[in-house]
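Student: I would like to learn how to read side-chain surroundings in a model of this kind. Could we go through a few features together, taking the general idea before each case?

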Amino acid sequence: MASIDGIEFEAKKFDLPVDSENKSIKFPLFSVAKPHMRAFHLCWIQFFACFLSTFAAPPLLPIIRDSLNLTANDIGNAGVASVSGAVFARVAMGAACDLVGPRLASATLTLLTAPAVYLSAVADSPTGFFMMRFFTGFALATFVSTQYWMSSMFSPRVVGQANGQAAGWGNLGGGVAQFVMPLVYSIVLKTGATPFAAWRIAFFFPALLQMSSAFAVMIFGQDLPDGNFQELQKSGDMHKDNASKILYHGITNYRSWITALGYGFCFGVELAVNNIVAYYFYDRFNLNLNISGIIAASFGMVNLFSRPIGGGLSDFMAKKFGMRGRLWSWWIVQTLSGVLCIGLGLIDTLSASIAVMIIFSVFVQAAEGLTFGVVPFVSRRSMGVVSGMTGAGGNVGAVITQVIFFRGSQFATEKGITYMGFMIIACTLGITSIYFPQWGGMFCGPKPHFTEEEYYLREWDAKEQEQGLHEVSMKFAEGSRNERSRKAMSVPTVERTPDHA
């Protein structure tokens, strides 16, 4: 055995140093070390492919609109459909991760939704277009498995960075779609296809990528540092948890609902903007399809660094100020994103709009990374359900903003963007109500002498504790003590016997 900063790890078993749960305490971004970093690269590539498929249609809307005779209402309804399907899928994905593991759960969904991407090529009516976007959007639930997988592989001290990096690079799919789909469309046109045939053929590219990523996850992925769920459960090394109790502890923790609300107005806003940004610049500034696609792509491409920055900032603030630092930084960044969103809607010149859009994108996506710097600590036993609820909140926020501000002709698009900014600021206030008795909240300190073990032990009844089923939560509690502020570092911890170490 060896140790780093007082944390022991098995040097011979893993390529990276690990904590008591065998989670990596380091995050070497460009490593492919098995199983931690291999899981990272597999999950972000899969999520990237699903994101690209879901948003393959918006950059081609000027062509699809003419091909299928779509009205403004048809386009708005399809935009709502693309993000509404994943609301319940994300909650279900969270429960599935808790029960069967992120590898099997995510790969299954990715394969099940791939046919919808292929069938986009045969949509011949507004209804067909609506259904295509609805079923393709289910793939966005792979976000939940991405966050669950990273939270299972990486220690609390780097989980914000891992979650932010995986989701940020996955979200790049939305930005890449904005310029790749017009590019693929142009290439198909040069082969002699008509415009109305070329957009259909172009959809085979994201469909093939999505299928390939699912097979890669199944073949090369691993659920946990110690192995896959099914293998560990069969060997008796892992307890198969009760689905009803997992769900109960997730939905009865009020923090789950607050993180869902907050995420609804950062990630939900990103989804809404992805649906409207290309044709917003196309129509408002009279740009051609390729130029508007490139501008729109810059909004999503910022995910390359903005969401990871948010996750890294969350971890940095936790080192300085504990969980209270995570909460304050999340609230500040997301509120500023609302201010920038208001500004984007008020500006009427092309160059200024592009500049503000990019800055707005940095803040809104950093807020997403900051959200999932907090989520893993809400519950250990129901981590998948909490992640699913939060992720679903993102889609609910997208549906709400799409319906209220960008469906039909109720508001001019620029007005809708401005009003959406005010809504971001208002809904972000919910973050101020999050309080952890062992760490405190934005305005209140921790409860005296309340430990991490006490918080996570509440999810296990006396019988389960007698059977030792709570031990995984106790290991997590031990690893999460860094969430204390410096002033609270002297709080006593629950002593554990050698048998339970």
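Tutor: Let us begin with one residue and its surroundings, bearing in mind that this is a predicted model. Leaving out residues up to four places away in sequence, Tyr-456 touches Phe-377, Ser-379, Arg-380, Gln-438, Trp-439, Ser-473, Met-474, Phe-476, Ala-477 and Ser-480.

Student: Is Tyr-456 buried or exposed, and in which helix does Tyr-456 lie?

Tutor: Burial is judged from relative accessible area, and buried means under 20%. Tyr-456 has a relative accessible area of 0% and is therefore buried; the residue lies in helix H20.

Student: Which residues of helix H22 are buried, and what covers them?

Tutor: In helix H22 (residues 471–479), the buried residues are Glu-471, Ser-473, Met-474, Phe-476 and Ala-477, and their cover includes helix H20 (452–457). As a general idea, an α-helix has 3.6 residues a turn, so residues three or four places apart point the same way. Among the residues that Tyr-456 touches are Ser-473, Met-474, Phe-476 and Ala-477, each of which is also listed among the buried residues of H22.

Student: What does Thr-418 contact beyond its neighbours in sequence?

Tutor: With neighbours within four places in sequence left aside, Thr-418 is in contact with Cys-341, Ile-342, Gly-345 and Leu-346. Thr-418 lies in helix H19 (residues 413–428), and because its relative accessible area is 6%, the residue counts as buried.

Student: How many aromatic pairs does the structure hold, and how should I read one?

Tutor: The structure holds 35 aromatic pairs, and for each one you would read the distance between ring centres together with the angle between the planes, where an angle over 60 degrees counts as edge-to-face. Tyr-118 and Phe-204 form such an edge-to-face pair, with 5.6 Å from centre to centre and 65° between the planes. This pair links distant parts of the chain, since Tyr-118 is in helix H4 (residues 102–119) and Phe-204 is in helix H9 (residues 204–220), 86 residues apart. Tyr-118 is partly exposed at a relative accessible area of 22%, and Phe-204 likewise counts as partly exposed, at 40%.

Student: Which residues form an aromatic cluster, and where do charged ends sit over rings?

Tutor: One aromatic cluster is formed by Phe-27, Phe-30, Phe-40, Trp-44, Phe-48, Phe-154 and Trp-169. As for charges over rings, the charged end of Arg-255 sits over the ring of Phe-436, 5.2 Å from the ring centre, while Arg-381 lies over the face of Trp-460, at 3.8 Å from the ring centre.

Student: Which residues form a nonpolar patch on the surface?

Tutor: A nonpolar surface patch is formed by Phe-179, Ile-291, Ile-294 and Met-301, which together have about 320 Å² of accessible area. Helix H14 (residues 289–301) contributes the largest share of this patch, 3 residues, whereas Phe-179 has its place in helix H7 (residues 159–190). A patch member needs over 30% relative accessible area, and Phe-179, which is partly exposed, has 34%.

Key: Residues are numbered from 1 along each chain as its sequence is written. This is a predicted model: local features need pLDDT of at least 70, side-chain atom pairs count only at pLDDT 80 or more; totals for chains, interfaces and linings use all residues. Side-chain values use heavy atoms; hydrogens and water are left out. Patches are made of residues with over 30% relative accessible area and no salt bridge: like charges are joined within 9 Å, nonpolar side chains (Val, Leu, Ile, Met, Phe, Trp, Tyr) within 5 Å. Accessible areas come from the Shrake-Rupley method with a 1.4 Å probe; for residues, only the protein chains shown count as cover. A salt bridge is a side-chain nitrogen of Lys or Arg within 4 Å of a carboxyl oxygen of Asp or Glu. Helices (H or I, at least four residues) and strands (E, at least two) are DSSP runs, numbered from the N terminus. Buried means under 20% relative accessible area, exposed over 50%, partly exposed in between (1.4 Å probe, protein chains only). Rings of Phe, Tyr and Trp (its six-membered ring) pair if their centres lie within 6.5 Å; planes under 30 degrees apart count as stacked, over 60 as edge-to-face and the rest as tilted. A charge sits over a ring if NZ of Lys or CZ of Arg is within 6 Å of the ring centre and within 35 degrees of the ring normal. Contact means heavy atoms within 4.5 Å.
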